[in-house]
Every structure is written in structure tokens, then in C-alpha cells.
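Trainee: Please take one part of this model and go through it closely. I would like to hear about the charged side chains and what surrounds them.

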Amino acid sequence: MQNILIVSGTRPEIIKLAPVYHALRESSWARVQWLHTGQHAEMATQIFDCFDVKPDVSLTRIGSSLLEFSTGCRQQLEAVMSGRDWSLVIVQGDTESAFQGALAAFYHRIPVAHVEAGLRTYNLNRPFPEEGLRQMISRLAQFHFAPTQGAQAALQAEGIADAKIHLTGNTVIDAQRWACKRHDIRRSVPGRGHLLVTVHRRENWGDDVAEICHAIAEIAQLQPELQVLFPVHLNPVIQKPVNAILGGLPNVRLTAPLDYTQMQQALVDACLLLTDSGGLQEEAPTFGVPVLVLREETERPEAVQAGCALLIGAARPVIVRETLRLLTDTAAYARMSQAGNPFGDGAASRRIADVLALSLAGEAVALPELV
């Protein structure tokens, strides 16, 4: 039996690692443990419950700053890494928890598997600090599970050996399919549905948040029959301008952040998504919801290339123009909504498990290649 440790810290990591966890748990060769760093606490509990996962190890979050969290996390990881003969540590994405998990494994000479490897903007400031963290994880990993051909090409261009890169698709699609079936998520509203808005990324803090909110206000006033749903991030940097600018509009509904199943329901009921989220760029195309990305660049260019997303930035005139265009131009809307999801076919976690079975236990199962 091979001892495998999955390390998570945030809500998106849990979502994208849960299908991998379940796939490995079904195997005959892997003994899987899940460690949660506590980077997200209450939000993480909701996601664990949603995906029927119970962490085996839960670290104590120390301090409120990123430095304090990182130092405390690293110290606690030391005891875990030295406490068992681990065959592999699995991390996902580009969070501080993922980096600390990979770094601790590296110092203990434990192989690292990186799920969703190869995402790049090559701008260390956008997104910050995620771009730097995921590049550093790539220097430490032995298994690079690339979600798309673009991510695979980025890793190859950086000199990572082809034998270490595995094109799998994105496990977020596996998670969506699992959750929609388990929790019976389906469209629940008549007509075209609501305009869904989310904003949280650090690079949009300050003037950009206000600019986005003024754009939403203008759209809501120009389209009074359009319902706008805006789950508002808990950070006061977001809360203050959102409530000040949008709080009094009758067709704008401001809510607390949604849990995973609530967000999937909000997506399936939406006509259009305005967001700076990376994960939602991957999820919305599953339901045929066009995405306007409120950023200057994206590490998920496949959505733009496939035609299901459009980069528009945070400038008010552009947001208003592009939103109204899609709401009124039937042909343009249809092209985006029917583009399909370029991020996977729902079998990514199975591919990951099979690669690891062959590499760690000598077992091989043939799966069709990702097209």
C-alpha cells in the first residue's frame, strides 16, 4: 500500500481535489489521508460536507497575516511529513497552502503531484501571489497534471520533461458532475435568468471595484426587468463600495457569499456571468453561460479561445457595452453559450489515479485520451 497525503487549504482546492480523493479511495493500492491547513475554515467545512470528505488531519491556523499563517502551517507540516513514510503528496493550484505542502514534501524528499499544473499569465503581479506560487510549485513537482493542452505546452516550454506531464482535463468538471447529480442541481427559473456578478481578486481592489459597481448600476438602470444577483465577498474592501453603489437598486440582489451548491444553482439559473474568478470561468461553460472576465489577463485562455468567455477588464464603459451587447444580440449570445466547455470531460480524476497507479504501484488501466 502506498501512503498518499492530499494537502488543501482553501475552498477551490477542496472542490478540485475531492474527485481525486474519491478516485484514489476506490483503488486497491493507495492509502489516502487528507490534510487541511485551515487557510479557509468555515467555508471549507461546507465544501467538505458537500463532497462527503472528512479531513484526517486538520492544522491550526496561526495568526491573521499571510506570513503568520505560512510560518505556522510550515511548522505543523513538518511533524506530519516526518510522522509517516509518505509515498506522495498531492497539492492543487496556486494557494499558499499548496506551496507550503509542496515545499514541506520537497524538504522531506517526498514526491509532489501538482493538480491543475501549468496555468500561467507570466505576470507575477497578476494574479498576486498566485502566479509566483504556481511557478514555484512546478519547480518542485514530479507529477504535473495539466488540465489543458495550453497548460501542457507552458510546462514543456519551461523545460519540464514530457514524461512528467500528463494531460488530464480539469477536475473541476468532475466535481460539477458529481455535485449536480448528488444534490439534484438543475435550472429552476423561467425565462432568460439573472445576471450573476462576482468580484474578489486583489488586483481589482480599490478604484476597479467601484468602477465595476458603477457599471452594474448603469446596466441595472438601463435594463430594469433584468435581475442581478451579486454574492458579495466578505472583505470590507469589496463590501463597502458594493453596498454603497448598488445597495439601493430594486433589481440588484446583494447576498452573502454562496456555498458551492448554491453557486452551482446560481450558475445554472444565470443568463450571463461577470466575474474575476478563475474557477467560475471553468464552471460556467458547463451550463452554457457566457462569461465576461473582469480582468486584463487570464490564466485560463482556453475559455476565450473556445469562444465561451471574453476578457473585458474593469473599465465601466467596456463592461456596460459588452454586457448590453450580449443581452440584446441574440446571435452573439448564442455563439458564446453554445461554445461548449474546453476544460474537460469529467474523467480527469480517473486519469490522475491511473497515472499514479502505474507510477507508484505498477498497475495500469487504459483510458481514452483527452481530446
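Mentor: Arg186 is exposed, with a relative accessible area of 54% (exposed is over 50%, buried under 20%, partly exposed in between; 1.4 Å probe, protein chains only). This is a predicted model, in which local features need pLDDT of at least 70 and side-chain atom pairs pLDDT 80 or more, while totals for chains, interfaces and linings use all residues. Residues are numbered from 1 along each chain as its sequence is written, and side-chain values use heavy atoms, without hydrogens and water.

Arg186 forms a salt bridge with Asp184, with the closest N and O atoms 2.4 Å apart (a side-chain nitrogen of Lys or Arg within 4 Å of a carboxyl oxygen of Asp or Glu). Asp184 is partly exposed, at 47% relative accessibility.

Arg186 is also one of the residues touched by Asp269, along with Arg187, Ser188, Val189, Gly193 and His194, leaving aside residues up to four places away in sequence (contact is heavy atoms within 4.5 Å). Asp269 sits in the loop between helix 10 (260-268) and strand 11 (270-275) (DSSP runs numbered from the N terminus: helices H or I, at least four residues; strands E, at least two). Asp269 is buried but has no salt bridge, and the nearest side chain of opposite charge, Arg187, is 4.6 Å away (Lys and Arg count as positive, Asp and Glu as negative; His and the chain ends are not counted).

Arg351 and Asp345 also meet in a salt bridge, at 2.9 Å from N to O. Arg351 is buried, with a relative accessible area of 9%, whereas Asp345 is partly exposed at 30%. Elsewhere, salt bridges with shared partners join Lys16, Asp94, Glu116, Glu131, Arg134, Glu282, Arg295, Glu299 and Arg300 into one network.

The count of salt bridges comes to 22. Another pair is Arg139 and Glu158, whose closest N and O atoms are 3.5 Å apart. This pair links distant parts of the chain, 19 residues apart: Arg139 is in helix 5, and Glu158 is in the loop between helix 6 (149-157) and strand 7 (165-167). Arg139 is partly exposed at 47% relative accessibility, and Glu158 is partly exposed at 24%.

As for the packing of helix 5 (residues 130-140), its partner here is helix 4 (residues 96-107). Glu96, Ala98, Phe99, Ala102, Leu103 and Phe106 in helix 4 meet Leu133, Met136, Ile137 and Leu140 in helix 5.

How values were computed
Axes are lines fitted to C-alpha atoms, for helices over the stretch in contact, and angles run from 0 to 180 degrees between N-to-C directions.
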